[in-house]
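Welcome! Open your viewer, find the selection tool, and let's take a walk through this protein together.

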Amino acid sequence: MTTEEHYIDALDEAHEVIPFTYSIASYGADYPIDSLVKRINNSDILVPTFEREDDLANDVDAFQREYVWPRSKADRFIESLLLGLPVPGIFLVKEDTGRLLVLDGHQRLYTLQSYYNGIIHGREYQLAGIQERFIGRTYKDLDVEDRRRLDDSIMHATVVRQEEPSQDWSSIYSIFERLNTGGISLQPQEIRMALYHGPFSALLRELNMVQEWRDLIGPVSKRLKDVELILRFFALLYYHSSYKSPMKDFLNRYMAANKTLEKQTSEELRSIFLKTTHMIQAALGDGAFRPERAVNAALVDALMVGVGTTISAGRPNPDKLAKARDQLLADDGFVDAISTGTSQKPKVDFRIANAITAIR
């Protein structure tokens, strides 16, 4: 474990289970290999990206990130298709735009795209370590019959669409958790930023780099734990009265609902975030969210929502904030609510209500 993985404590929603039964429509589709590659190059098929969030509509290079196959495995995969052998299928989800998002099969699709385009990891893609007649062949160098056989080879896809619940893609989220084979265990916020990409996710990225927020939180999290704290602030600020556990599903629903900033505008969210972080940093300093050494996510919830509520009501009181924090941390019930089982509804309700009361 690295220091970075430990510096934000009590983000326990990664272990939660969303207790739903889903209604999912799925169908099979057989794609010729050359058609798949064309769709990838045209961004009609997209792979989620977890290290940074861009507008995926213009991010063909997203296929290169998270690629972990060794060349030997990639070359044998291409060889299987050249020999006419069947290969494993892929899972796709159809977005409202009609584009297809890759749930499982990224390694195979990137390998195909690289071979057809002739470049892999910045080098010419020539086959090696396989049957002698294919060694050294790029796609363009293949015999006409071999190229035709590769082009016409079929890869089966299972295309899924969530019907119920209809508003949040929670089943697609769950499929992602179960099908992820990219070599890393994805964190909840990494999956959200991929599935619910759009103006809201871009705003979260922007706000995460605000200097006063960075002073309060510390180093940028490679696993997006700091971005998740901002999402939690907005979700609890506006909807804490209707909170239901698990936290994972609560955040999924809010991020899906505000994906295009229809619930709250970018101006509204940016304003309340900047005012809240400024007031906390000015009144409490860089250690505001650290009852011990690590940033405590549940304490972030409480103080951010408490301060944000007073600002929204037009009654900010920075002079009272230090005393209010001390009082909260002296209360055994509050300490329990930020220490264990922090996503349980009674504890979320307790710490948010008590923070709002103490700070106003």
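Which residue forms a salt bridge with E190? Select E190 and R223 together, and you have the pair: their closest N and O atoms are 2.7 Å apart. Keep in mind as you look that this is a predicted model.

**Stop one: a link across the sequence**

Colour helix α7, residues 188-195, to see where E190 sits.

**Stop two: a pair within one helix**

Next, select helix α3, which covers residues 71-82. Here R71 forms a salt bridge with D75, and their closest N and O atoms are 3.2 Å apart. The two residues are 4 residues apart in the helix, which means about one helical turn separates them. Their surroundings are worth a look too. R71 has 31% relative accessibility, so it counts as partly exposed. D75 has a relative accessible area of 2%, and so is buried.

**Stop three: a helix and a loop**

Now pick D146 and R133, another salt bridge, with the closest N and O atoms 3.4 Å apart. D146 is in helix α5 (residues 144-152), while R133 is in the loop between β7 (123-124) and α5, and the two are 13 residues apart. D146 is buried, at 4% relative accessible area, whereas R133 is partly exposed, at 44% relative accessibility.

**Stop four: a network**

How many salt bridges does a search of the whole structure find? The total is 15. To see several charged residues joined up, select R192, E228, R232, D301 and R351, which are linked in a network of salt bridges.

For the last stop, show helix α10 (residues 225-239) and helix α12 (residues 266-284). They pack at an angle of about 105°, and their axes are 12 Å apart. Angles of 65 to 115 degrees count as roughly perpendicular, so that is how α10 lies relative to α12.

Notes: Residues numbered from 1 in each chain as written. Predicted model: local features only at pLDDT ≥ 70, side-chain atom pairs only at ≥ 80, totals over all residues. Heavy atoms only, no water. Axes fitted to C-alpha atoms, helices over the stretch in contact; angles between N-to-C directions. Parallel < 35°, antiparallel > 145°, perpendicular 65-115°, else oblique. Salt bridge = Lys/Arg side-chain N within 4 Å of Asp/Glu carboxyl O. Buried < 20%, exposed > 50% of the residue type's maximum accessible area, 1.4 Å probe, protein only.
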